[in-house]
Amino acid sequence: MKSLSALVAACLAALLVSASAVEPSKEDQQLMALVKEVQAQQAAIADNQTKIDAKIVTIAEAIRLARIYASRSGK
């Protein structure tokens, strides 16, 4: 299994070396720009999801405390 992953890594390295020797075309540059944009959007989505999860935890704790206080009031 280690030899297979080493072989894959070697093939990818060879591919990257050969690809870097050739100047990328305009379409390749546009594609790379789009890939970077999508990666930035995915990072923003992940960050937003983390913020949403934190807010949900805060709200859940507030609801838990409200239920405790409501049960103690006897109403």
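Lysine 51 is partly exposed, with a relative accessible area of 47%; buried here means under 20% relative accessible area, exposed over 50%, and partly exposed in between (1.4 Å probe, protein chains only). Its salt-bridge partner is aspartate 47, and the closest N and O atoms of the pair are 3.5 Å apart. A salt bridge is taken as a side-chain nitrogen of Lys or Arg within 4 Å of a carboxyl oxygen of Asp or Glu. Aspartate 47 is likewise partly exposed, at 40% relative accessibility. Both residues belong to helix 2, where 4 residues, about one turn of the helix, separate them. An α-helix has 3.6 residues a turn, so residues three or four places apart point the same way.

The model is predicted: local features need pLDDT of at least 70, side-chain atom pairs count only at pLDDT 80 or more, and totals for chains, interfaces and linings use all residues. Residues are numbered from 1 along each chain as its sequence is written, and side-chain values use heavy atoms, with hydrogens and water left out.

The structure contains 2 salt bridges. Besides the pair described above, glutamate 61 forms a salt bridge with arginine 64, with the closest N and O atoms 2.7 Å apart. These two residues also lie in helix 2, 3 residues apart, about one turn of the helix. Glutamate 61 is partly exposed at 34% relative accessibility, and arginine 64 is partly exposed at 42%.

The protein chain has 2 helices and 0 strands, assigned as DSSP runs numbered from the N terminus (helices H or I, at least four residues; strands E, at least two). Helix 2 covers residues 26-73, 48 residues in total, and reaches 70 Å from its first C-alpha to its last, close to the expected 70 Å at 1.5 Å a residue. The expected span is 1.5 Å times one less than the number of residues. Glycine 74 follows helix 2 and has a positive phi, near 80 degrees.

Of the 75 residues of the protein chain, 0% count as buried.
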